[in-house]
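Student: I've got a model open and I'd like to learn how to read it. Could we go through a few features together?

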Amino acid sequence: MILARTIVNAKRVVVVSENTELTQAHITRLKFLKIPVVYIKDENELKEAISPIFSRSNLFIKQYENVVGTAKSIFEQTKKTGKVPVEETNDMVQGDLLPLSRRSGAIDYLNELNHLASDIYNHSLRVSILAGVFAKWMRLDRETAKDIVMAGFLHDVGKARFDQRLLEKNIDTLTGEDYERYIQHTVDGAQILNGIAGLTEGVRLTALQHHERMDGSGFPFNVKGDDIHLYARIVAVADLYDNITIEREGYPRRTPFDAVAVIAGQMYTKLDPTVCMAVLTNIKNAFLGSRVLLSNHREGTLVSYPHGVVPMPIVSIGDDEMIDLNEQREISILEYNPK
């Protein structure tokens, strides 16, 4: 049985994620938690589409899924040999990831992938595509955008040196030696990429600096402001966006609007305001016309945004009621395009 809808508890924490193949352990756990009903995919949903005509969303997802195996192989080779297979990586970036990042609607399509596991290679794929989208919104030239996509894919390459125990831990709970080891992945990443022919300084510095913050509160070296490479500043926003929106068991279920709110809140402190402004200005177009489920248990359509740089939309409830979520802060978006 394949789960058709994510199960969340009363605190909106993900219990089991959509598309999980249910085992006896899952079923025992669901019984223990007294989950009364689950949605299971039927035979039609499980069959692959045989029509050559795909929706734009399905085509994007197919193209993404086709490259997952390559990304996994790249990280496995890096872990085994300590070296990145540069030619294979460059071919993937040029032939697959850059075109995906240039696709209209990429932000919305990535949201449909959020049931995927939060392993390094899937996270790195999504961050690379997001970074490419942000580069496009910043009107950077195509060659620079390609380099930023490469930087996004390799930003966490230092985690190839992690043991499985650390990879499986909740990063937010790391302390002591585990936390110090986690910080080290930025230095390890720069070391792995150092001196590799064909990689630019920006790509190497992104691995080192993607956790640095504009106010100097980041790590590993508390670098701040313009001393952080532009690529790292862009990837930092992409990394944050993906970490907030990815659906992970044991974490609260969050939406792209939660990510937008965090980015808006940090744009003049931790994050580069130039990058954030481009993201906040352009990301609105991806959401217009979407359905949302609100915390007051009402569904509506996202119809517009107020003028200026504001994080939250105006939602239409029926024909004669509008809710501006910037003004009615007690109401939040629980689900984006609910099933």
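This is a predicted model: local features need pLDDT of at least 70, side-chain atom pairs count only at pLDDT 80 or more; totals for chains, interfaces and linings use all residues.

Student: What joins strand E4 to strand E5, and how do they run?

Tutor: First the terms: strands (E, at least two residues) and helices (H or I, at least four) are DSSP runs numbered from the N terminus, and two strands pair if DSSP finds at least two bridges between them. Here, 3 bridges join E4 (residues 299-304) to E5 (residues 314-317), and the two run antiparallel.

Student: What about E5 and E6?

Tutor: Those run antiparallel too, joined by 4 bridges, and Val315 stands opposite Ile323 in E6. E5 and E6 form a hairpin with 3 residues between them, and Gly318 in the turn has a positive phi of about 75 degrees.

Student: What is the strand order in the whole sheet?

Tutor: It's an open sheet of 5 strands, ordered E6-E5-E4-E3-E7 with antiparallel pairing. The edges are E6 (321-324) and E7 (333-336), each of which pairs on one side only. On average, neighbouring strands of this sheet are turned by 40 degrees against each other, direction ignored; the axes behind that are lines fitted to C-alpha atoms (for helices over the stretch in contact), with angles running from 0 to 180 degrees between N-to-C directions.

Student: Is Val292 buried or exposed?

Tutor: The general idea is that buried means under 20% relative accessible area, exposed over 50%, and partly exposed in between (1.4 Å probe, protein chains only). Val292 sits in strand E3 (residues 291-294) and is buried, because its relative accessible area is 0%. Leaving aside neighbours within four places in sequence, Val292 is in contact (heavy atoms within 4.5 Å) with Phe257, Arg298, Glu299, Gly300, Val315, Ile333, Glu335, Tyr336 and Pro338. Take Glu335: it is 43 residues from Val292 along the chain, yet their C-alpha atoms are separated by 5.6 Å.

Student: Which way do side chains point in a strand?

Tutor: In a regular strand they alternate between the two faces of the sheet.

Student: Where is His297, and what is its phi?

Tutor: His297 is in the loop between E3 and E4, and has a positive phi of about 70 degrees although it is not a glycine. It counts as exposed, because its relative accessibility is 67%. Arg139, in the loop between helix H6 (120-137) and helix H7 (142-154), also isn't a glycine and has a positive phi of about 65 degrees.

Student: Which peptide bond is cis?

Tutor: Look at the one from Phe219 to Pro220, with omega near 15 degrees. Pro220 is in the loop between H10 and helix H11 (230-245).

Student: And how many cavities of 30 Å³ or more are there?

Tutor: On a 1 Å grid over the protein atoms alone, a cavity is a set of points where a 1.4 Å probe fits but cannot get out, and lining residues have an atom within 4 Å of a point. The structure holds 3 cavities of 30 Å³ or more.

Note on methods
Residues are numbered from 1 along each chain as its sequence is written. Side-chain values use heavy atoms; hydrogens and water are left out. On a 1 Å grid over the protein atoms alone, a cavity is a set of points where a 1.4 Å probe fits but cannot get out, and a pocket is an open set with protein on both sides within 12 Å along at least five of seven lines; lining residues have an atom within 4 Å of a point. Grid points are joined across faces, edges and corners, and a volume is the space filled by probe spheres set on the points.
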